[in-house]
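Welcome, and thanks for taking a look at this chain with us. Please keep the sequence and the 3D view side by side as you read.

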Amino acid sequence: MVIQELKPSKRVRGRWLAVLEDGSILRLGRNQIADFALYAGRELSDEEADRLTQAIENENFRAHALRMITDTPRSRKEFVKLLEKMDCPPEKAQEIADWLEDLGYLDDAAYAREVAELYTRKGYGKRKIRDEFYRRGVPRELWDEALEQIEEEDNASAIDAFLEKKLKGSHDPKDVKRASDALARRGFAWPEISDALRRYGMEVWD
């Protein structure tokens with residue numbers, strides 16, 4: 001396989017096009033040009049061509065992976081599954097995940113804290129946050145540490161705000177029951193709900 005022409009892409013900055021003798025085109029990065037000492041007229045053996053193709057594929061997966069993780073934070077498990085859906089081989093997906101962890105872009109502990117903070121701000125309780133950890137593939141050993149970052153007063157404030165919004169001053173038992181059930185669905189425990197109801201002025205028996 002002979003490279004007939006090697007030229008920079010007019011459309012994508014940093015990309016080079018290697019036009020081969022059969023008319024096919026390889027889209028390269030500067031790394032591949034340097035690593036394989038490519039130039040117009042260079043003849044590649046079958047082994048070199050295979051290694052170059054693999055290097056290009058790997059570079060493409062890495063570039064796409066970097067865009068994905070900077071656009072939307074994810075857990076390692078979520079991220080690897082997405083790569084595999086893109087036909088990235090499982091071992092290659094794990095390798096790319098390792099690479100992103102080394103760069104600091106993939107961090108399950110930081111992601112767990114971010115999820116906990118996000119759902120706390122939305123007014124959800126710890127049970128709901130645990131459900132989110134499970135759904136998002138956050139390792140279980142990181143759950144407690146992330147949940148410890150949530151201050152109890154933050155939970156209390158969220159529940160109080162929810163009751164004020166839903167009840168609007170009402171002390172009707174039916175309204176209070178509906179609000180309490182809604183808080184339970186949002187992941188708050190009964191002791192937290194009962195404390196909030198007392199602060200609201202209701203008599204509560206545990």
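## Ground rules

This is a predicted model, in which local features need pLDDT of at least 70 and side-chain atom pairs count only at pLDDT 80 or more, while totals for chains, interfaces and linings use all residues. Residues are numbered from 1 along each chain as its sequence is written, and side-chain values use heavy atoms, with hydrogens and water left out.

## The chain as a whole

Let us begin with the secondary structure. The chain has ten helices and three strands; here helices (H or I, at least four residues) and strands (E, at least two) are DSSP runs, numbered from the N terminus. Along the sequence they follow the pattern β-β-β-α-α-α-α-α-α-α-α-α-α. The radius of gyration is 27 Å, well over the 17 Å that the globule rule gives for 206 residues, so the chain is more spread out than a compact globule. That radius is taken over C-alpha atoms, and the globule rule is 2.2 Å times the number of residues to the power 0.38. Along the principal axes, the C-alpha atoms fill a box of roughly 85 × 35 × 25 Å.

How much of the chain is buried? Of its 206 residues, 40% count as buried, where buried means under 20% relative accessible area, exposed over 50%, and partly exposed in between (1.4 Å probe, protein chains only). The chain exposes about 13000 Å², and carbon and sulfur atoms supply 47% of that area; the areas come from the Shrake-Rupley method with a 1.4 Å probe, and for residues only the protein chains shown count as cover. Among contacts (heavy atoms within 4.5 Å) between residues at least 6 apart in sequence, 49% join residues at least 24 apart.

As for charge, there are 37 positive and 43 negative side chains, and the centres of the two sets lie 7 Å apart. Lys and Arg count as positive and Asp and Glu as negative, without His and the chain ends; each charge is placed at NZ of Lys, CZ of Arg, CG of Asp or CD of Glu.

## The largest nonpolar core

Which residues have the most contacts inside the largest nonpolar core? They are Ile159, Leu163, Leu167, Leu183, Phe188, Leu197 and Met202, in a core of 16 residues. A nonpolar core is a set of buried Ala, Val, Leu, Ile, Met, Phe, Trp, Tyr and Cys residues joined through side-chain atoms within 4.5 Å. Helices α8 (152-167), α9 (173-185) and α10 (190-200) each supply at least two residues of this core, and α8 gives the most, with five. In soluble globular proteins, nonpolar side chains tend to be buried together.

Not counting residues up to four places away in sequence, Leu167 touches Asp175, Val176, Ala179 and Tyr200. Tyr200 is also among the buried residues of α10, along with Glu192, Ile193, Ser194, Ala196 and Leu197. After α10 comes Gly201, whose phi is positive, near 105 degrees.

## Leu17 in the strands

Now turn to strand β2 (residues 15-20), where Leu17 is placed. Leu17 is buried, with a relative accessible area of 16%. Leaving aside residues up to four places away in sequence, Leu17 touches Glu5, Leu6, Lys7, Ser9, Ile25, Leu26 and Arg27. Leu17 and Ile3 are 14 residues apart in sequence and 9.9 Å apart in space, C-alpha to C-alpha.

## Loops and helix positions

Two residues other than glycine have a positive phi worth a visit: Ala37, near 50 degrees, and Lys168, also near 50 degrees. Ala37 sits in the loop between α1 (30-35) and α2 (46-71) and is partly exposed at 44% relative accessibility. Lys168 lies in the loop between α8 and α9 and counts as exposed at 71%.

In helix α5 (residues 108-121) you will find Glu117, partly exposed at 42% relative accessibility. Glu117 and Ile150 are 33 residues apart along the chain, with their C-alpha atoms separated by 7.1 Å. Asp35, in helix α1, is exposed at 63% relative accessibility. Asp35 and Ala110 are 75 residues apart in sequence and 35 Å apart in space, C-alpha to C-alpha.
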